[in-house]
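Please look over the structure shown below and read the following report alongside it.

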Amino acid sequence: MKLAVLAVGKLKAGPEKALADAYLMRAEGLGRKAGISKITVADMSESLGAAEEARFFGQARGFAIALDERGKSLTSLGFAEVLRRHLDGGTPDVSFLIGGPDGHSAETRGKAGLLLSLGAMTWPHRLVRVLLFEQIYRAVTILVNHPYHRL
């Protein structure tokens, strides 16, 4: 299975990018053992507007998970189970969609297979990437019984 992260907003050099890259690298390395063959990241400028954003998210392949404050809150185990179901079910692609300052359009939310909330608080997109990549890595460790996630 391939994972893709499509995000509004560019992640510039700095501590958030370094941390996001570190979790992404860990997830990619251990992910192969779990059946995740590739993780890609694409982003677009915040200033391009709603029409461009809709086209950008229209590139999402396979099962789409939109990060949205109105979404479902999952535990780390629950998130890992979502990935496990798609791995076991043969889903070839899962796309994670990170919206801009105004969130996702109703159209994007409607097309998503899952609306996922990272909590009731609003997070800046730079930190959302770090949180998402860490949770992807944590889910992978759960899937392969790695001791990173302790119960």
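Predicted model: local features only at pLDDT ≥ 70, side-chain atom pairs only at ≥ 80, totals over all residues.

Residues are numbered from 1 along each chain as its sequence is written, and side-chain values use heavy atoms, with hydrogens and water left out.

**The largest pocket**

The largest pocket has a volume of about 430 Å³. A pocket is here an open set of points, on a 1 Å grid over the protein atoms alone, where a 1.4 Å probe fits and protein lies on both sides within 12 Å along at least five of seven lines, and lining residues have an atom within 4 Å of a point. The volume is the space filled by probe spheres set on the points, which are joined across faces, edges and corners. The lining comprises 21 residues, and Leu67, Glu69, Gly100, Thr122 and Trp123 are those that lie nearest the centre of the pocket. Two or more lining residues come from each of strand S3 (63-73), strand S5 (114-117) and helix H5 (125-143), and S3 gives the most, with four residues. Helices (H or I, at least four residues) and strands (E, at least two) are DSSP runs, numbered from the N terminus. By class, nine lining residues are nonpolar, eight polar and four charged, where Ala, Val, Leu, Ile, Met, Phe, Trp, Tyr, Cys and Pro count as nonpolar, Asp, Glu, Lys and Arg as charged, and the others, Gly among them, as polar.

**Strand S3 and its partners**

S3 runs parallel to strand S4 (residues 93-98), to which five bridges join it, and leucine 67 stands opposite isoleucine 98 in S4. S3 also runs parallel to S5, again with five bridges, and there serine 73 stands opposite serine 117. Strands count as paired if DSSP finds at least two bridges between them. Together with helix H3 (residues 76-89), S3 and S4 make a right-handed β-α-β unit; right-handed means that, with the strands pointing away from the viewer, the path from the first strand over the helix to the second runs clockwise.

**Salt bridges**

The structure holds 10 salt bridges, each being a side-chain nitrogen of Lys or Arg within 4 Å of a carboxyl oxygen of Asp or Glu. The table lists three of the pairs.

| Pair | Closest N to O distance |
|---|---|
| Arginine 126 and glutamate 16 | 3.7 Å |
| Glutamate 52 and arginine 55 | 2.5 Å |

Aspartate 43 is partly exposed at 26% relative accessibility, as is lysine 10 at 44%; the cut-offs are under 20% relative accessible area for buried and over 50% for exposed, with partly exposed in between (1.4 Å probe, protein chains only). Lys10 and Asp43 are also linked with Arg129 in a network of salt bridges.

Arginine 126 forms a salt bridge with glutamate 16. Arginine 126 lies in helix H5 and glutamate 16 in helix H1, so this pair ties together parts that are 110 residues apart in sequence. Arginine 126 is partly exposed, at 40% relative accessibility.

Glutamate 52 and arginine 55 are three residues apart in helix H2 (residues 50-57), and are therefore separated by about one helical turn. Glutamate 52 is partly exposed at 31% relative accessibility, whereas arginine 55 is exposed at 52%.
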